[in-house]
Amino acid sequence: MNFPAVGSNIEVQSYKHNGTLHRVWEETIILKGTSHEIIGGNDRIIVHESDGRSWRTREPAICYFSAHHWFNVIGMIRDDGMYYYCNLGTPFTYDGEAVKYIDYDLDIKVFPDMTFKLLDEDEFKLHERQMNYPPEIESILHRAVDELISWVGQQKGPFEPGFIEYWYERFLYHR
């Protein structure tokens with residue numbers, strides 16, 4: 001797999017299990033790009049939804065994508081602390097056009113005090129039926145939720161103290 005060059009500006013695209021485009025983040029500056037992980041940064045960018053709506057993000061964010069884990073993490077830098085939005089989905093791919101993954105609805109929101117909340121379980125169950133997810137998807141995602149919660153508790157990966165701040169400084173350099 002090829003990977004984006006540091007300093008390049010790429011799209012992030014999420015898809016649904018049935019192959020339909022779900023959401024597109026227009027601009028993310030690559031801060032680290034390898035075959036194993038991609039770290040990017042953005043600030044107040046336009047996001048396009050599959051239903052035609054568009055909206056602008058409210059704060060700077062550092063995005064962490066892994067080729068080995070069934071989740072990605074967005075660290076949002078807010079005035080009252082660091083928030084994280086974690087999407088449960090496939091490991092990323094990069095095809096020269098965009099970073100891409102399949103979004104499986106489940107999300108975890110992590111608050112500045114490292115407490116968290118699992119979101120969208122009803123949406124997952126609905127889409128699981130509608131799109132006929134294979135049975136192994138549910139077990140893969142439950143393991144990914146457990147792994148992600150473990151990372152939060154251990155302050156590992158993008159949850160490590162200083163991780164988001166370090167990459168945000170790199171983002172400001174490339175901006």
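Tyr64, Phe71, Trp151, Phe163, Tyr166 and Trp167 are linked into a cluster by ring pairs. Rings of Phe, Tyr and Trp (for Trp, the six-membered ring) are paired if their centres lie within 6.5 Å; planes under 30 degrees apart count as stacked, over 60 as edge-to-face, and the rest as tilted. The whole structure holds 12 aromatic pairs. Phe71 and Trp151 make one of the edge-to-face pairs, at 5.1 Å centre to centre with 85° between the planes. This pair links distant parts of the chain, since Phe71 is in strand E7 and Trp151 in helix H2, 80 residues apart. Helices (H or I, at least four residues) and strands (E, at least two) are DSSP runs numbered from the N terminus.

The model is a predicted one, in which local features need pLDDT of at least 70 and side-chain atom pairs count only at pLDDT 80 or more, while totals for chains, interfaces and linings use all residues. Residues are numbered from 1 along each chain as its sequence is written, and side-chain values use heavy atoms, with hydrogens and water left out.

Both Phe71 and Trp151 are buried. Here buried means under 20% relative accessible area, exposed means over 50%, and partly exposed lies in between (1.4 Å probe, protein chains only). Phe71 counts as buried because its relative accessibility is 1%. Apart from neighbours within four places in sequence, Phe71 is in contact (heavy atoms within 4.5 Å) with Ser66, Asn87, Leu88, Gly89, Ala144, Glu147, Leu148 and Trp151. The C-alpha atoms of Phe71 and Tyr101 are separated by 9.3 Å, with the two residues 30 apart along the chain.

Next come the nonpolar cores. A nonpolar core is a set of buried Ala, Val, Leu, Ile, Met, Phe, Trp, Tyr and Cys residues joined through side-chain atoms within 4.5 Å. The largest one has 32 residues, and Tyr84, Leu88 and Phe159 have the most contacts inside it. Two or more of its residues come from each of strands E2 (21-33), E6 (60-66), E7 (71-78), E8 (81-89) and E10 (98-110), and from helices H2 (135-154) and H3 (163-174). H2 gives the most to this core, with 7 residues.

Which residues does Tyr84 touch, leaving aside its neighbours within four places in sequence? The contacts of Tyr84 are Val73, Ile74, Gly75, Met76, Ile108, Lys109, Val110, Met114, Pro158, Phe159 and Ile164. A second, separate core of 17 residues includes Ile45, Ile74, Tyr83 and Tyr101. The ring of Tyr83 has the charged end of Arg78 over it, 4.6 Å from the ring centre; the criterion is NZ of Lys or CZ of Arg within 6 Å of the ring centre and within 35 degrees of the ring normal.

His22 is in strand E2 and is buried, with a relative accessible area of 14%. Beyond four places in sequence, His22 is in contact with Ser14, Tyr15, Lys16, His48, Glu49, Ser50 and Asp103.

Helix H1 spans residues 121-130, and Phe124, His127 and Glu128 in it are buried. They lie on the same side of H1 because they cover an arc of only 110° around the axis, the arc being that of the directions from the helix axis to the C-beta atoms. The buried residues of H1 pack against E10 and H2. The face turned away from the buried side carries the exposed residues Asp122, Arg129 and Gln130.

Most residues other than glycine have a negative phi. Met114, in the loop between E10 and strand E11 (116-119), has a positive phi near 70°. At 19% relative accessibility, Met114 counts as buried. Asp120, in the loop between E11 and H1, has a positive phi near 65°, and Asp120 is partly exposed at 31% relative accessible area. Asn132, which follows H1, has a positive phi near 55°.

Finally, there is the record. UniProt lists residues 18-156 for "domain: DUF402" in an unreviewed entry; positions are given in the numbering used here, feature names are shortened, and annotations may be inferred rather than shown by experiment. In the model, the end C-alpha atoms of residues 18-156 lie 32 Å apart, and the span is 22% helix and 50% strand.
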